[in-house]
Amino acid sequence: MLEIKNLHSGYNGLEILEGIDININEKEIIALIGPNGAGKSTVIKSIFNIANVTSGEILFNEKNITKLKTYELMKLGISYVSQGRINFNNLSVKENLEIGNDNIDKATKDQRINYVYDLFPVLKEKKNKLAFTLSGGQQQMLAIGRALIQKPKLLLLDEPSLGLSPLLQKELFKTIEKLRDLGLTILIVEQNAKKAIQIADRTYLLEDGKIALTGGKDILKHKKIKNIYLGGRY
Amino acid sequence: MALIQIIVNSLIIGSLYALVACGFSLIYSTNKFMHFAHGISVVIASYLFYLSLNTLKINFIISILLVLILTGLFGIFMYKVFYGPLQKRKSSNIVLLIASVGILILFENMIMLVFGTTVKTINSDLTKSIEFSSFIITPLQIIIIVTSLILLLLLYLLMKKTKIGRNMRAVSDNKELASIIGIDYKKVSYYSFFIGSLLAGIAGIFIALEQTLEPTIGTNLIVKGFTGSIIGGITSVPGSILGSYILGIAENFGIWYLSSGYKDAIAFTLLFLFLLFKPHGILGINKGIKK
């Protein structure tokens with residue numbers, strides 16, 4: 001579905017990714033893990049054309065999408081949930097879901113908003129509350145919910161568990177698996193490597209802008225992963 | 001007796017300040033820089049109104065409509081010609097602020113060049129006083145209060161109930177996210193400049209009828225509009241309206257007990273106190289969380 005070939009990318013002349021290759025098949029969860037500064041988020045930002053791609057190409061269903069604008073990417077079925085400030089704090093939950101997505105007619109949009117409410121009932125309960133009053137986990141649900149309104153084929157998640165309590169993280173990862181089971185393809189960048197590897201069909205380990213390791217769930221036992229995440233080199 | 005007259009006077013001047021302040025705050029919240037040249041929109045509107053009504057003898061209502069559209073377009077012109085290119089060069093907000101003061105002075109001088117420095121007046125039947133038992137007011141002043149309140153309510157509805165209002169609030173809240181989800185923030189900037197300048201235009205027409213025309217009235221008004229915005233909270237349009245009425249009340253009570261010479265001193269004292277002790281204003285946003 002998505003093919004990244006020899007991607008070099010970065011910001012303002014600073015190269016972060018030094019030639020990476022990633023393949024994503026339909027209905028897969030692909031996890032991208034690695035130490036801080038390895039360039040995980042840059043991969044997602046390159047797909048969504050927020051980082052500067054200097055060479056290489058990104059194909060989506062065999063179409064080259066490397067230089068497409070963000071709204072064109074959204075039309076093609078790629079949605080992105082950024083990290084950090086992910087919602088419009090002073091807009092209501094409902095407004096946060098309605099906003100953007102101008103290519104969708106109102107009836108379809110309402111239908112999809114109801115779908116999001118079914119998926120995350122708490123958002124329906126709080127639909128008239130301002131977004132900043134939601135808890136961290138609910139904020140994440142809202143951001144993912146907004147991305148789903150576009151009915152994406154590929155969902156890009158940038159560190160969704162950041163700042164969530166372990167319990168909420170567990171819930172979030174369950175939701176991500178559920179979305180995959182509903183037919184979505186997901187690329188997730190995560191700090192919580194263990195959890196990410198557990199839900200992912202395949203995992204890529206990124207180090208210093210290069211792919212250092214790739215594999216399925218058994219990657220957890222790999223020496224490199226143990227080194228990085230169980231108090232090794234880093 | 002005097003108390004009612006003071007309140008009426010406060011409402012009149014507060015309404016004019018509010019028309020200026022809400023546009024200023026609307027432009028600030030969507031663009032994140034201080035558009036001090038907003039004051040010149042008031043002046044341009046009042047001189048265009050004078051030109052249309054007194055010189056070209058165009059009908060009163062048509063003159064108003066014409067002036068409002070032109071003032072709104074003038075706002076877009078300022079954004080496109082001055083701020084847009086600076087933003088493209090990634091100029092800081094301080095540079096934009098300095099540019100805005102420059103624009104204010106430039107157009108003030110251009111108006112002096114075209115219309116001269118002599119004070120101009122527009123004669124209107126609307127300025128004949130009506131005496132009530134406890135206060136005096138002119139029909140124009142009643143129109144100023146009522147129209148302003150209606151317009152401010154309409155602005156509130158526009159911001160709350162329409163798509164463009166929602167997009168403006170979204171850009172004001174989180175510009176980066178807005179652009180990620182495909183909101184054209186340039187378009188939002190154009191709208192904010194058009195609507196903000198149009199509201200300043202309404203203030204300009206009222207001032208042309210109520211007071212005399214001078215090229216420098218814009219500077220005074222933008223300072224007062226800015227003060228109103230700071231008092232109420234510069235990021236909040238309703239806040240800036242509230243702040244403007246508070247300023248109007250403070251000024252009028254102040255000149256009743258002191259003298260009219262202290263009017264500006266009162267405004268600046270308030271501005272100073274708020275900047276020092278409550279810089280986010282009454283309804284402003286503090287660290288991303290509404291108090």
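## A glutamine and its surroundings in chain A

Not counting residues up to four places away in sequence, A:Gln139 touches A:Ile86, A:Asn87, A:Asn89, A:Ala131, A:Phe132 and A:Leu134. Keep in mind as you look around that this is a predicted model.

A:Gln139 sits in helix H6 of chain A. Is A:Gln139 buried or exposed? Its relative accessible area is 14%, and since anything under 20% counts as buried, A:Gln139 is a buried residue.

## Helix H4 of chain A

Let's move on to helix H4, which covers residues 106-119 of chain A. With 14 residues at 1.5 Å a residue, H4(A) should span 20 Å, and the distance of 20 Å between its end C-alpha atoms agrees with that.

Which residues of H4(A) are buried? They are A:Lys109, A:Arg112, A:Ile113, A:Val116, A:Tyr117 and A:Leu119. Viewed down the helix axis, these buried residues fall within an arc of 160 degrees, so they line one face of H4(A).

What do the buried residues of H4(A) pack against? Their partners in chain A are helix H3 (93-98), helix H5 (121-125), helix H6 (136-149) and helix H7 (166-181). On the face turned away from the buried side, H4(A) carries the exposed residues A:Ala107, A:Gln111 and A:Asp118.

## A hairpin in chain A

Strand E1 (residues 2-11) and strand E2 (residues 14-24) of chain A pair in the antiparallel sense, over 8 bridges. Together E1(A) and E2(A) form a hairpin, with 2 residues between them. In the turn, A:Asn12 has a positive phi of about 45 degrees. A:Tyr11 stands opposite A:Leu14 of E2(A).

## A buried lysine in chain B

Over in chain B, B:Lys224 belongs to helix H9 (residues 217-232). At 1% relative accessibility, B:Lys224 counts as buried.

So which residues surround this lysine? Leaving aside neighbours within four places in sequence, B:Lys224 is in contact with B:Tyr17, B:Leu247, B:Glu251, B:Asp264 and B:Ala267. With one of them, B:Glu251, B:Lys224 also makes a polar contact, side chain to side chain, at 3.0 Å. Another residue to look for is B:Leu271: it is 47 residues from B:Lys224 in sequence, while their C-alpha atoms are 9.2 Å apart in space.

How values were computed
Residues numbered from 1 in each chain as written. Chains lettered and ligands numbered in written order. Predicted model: local features only at pLDDT ≥ 70, side-chain atom pairs only at ≥ 80, totals over all residues. Heavy atoms only, no water. Helix = DSSP H or I, 4+ residues; strand = E, 2+ residues; numbered from the N terminus. Buried < 20%, exposed > 50% of the residue type's maximum accessible area, 1.4 Å probe, protein only. Contact = heavy atoms within 4.5 Å. Polar contact = N/O pair within 3.5 Å; in protein donor to acceptor, adjacent residues only side chain to side chain. Expected span 1.5 Å × (residues − 1). Arc of directions from axis to C-beta. Pairing = 2+ DSSP bridges.
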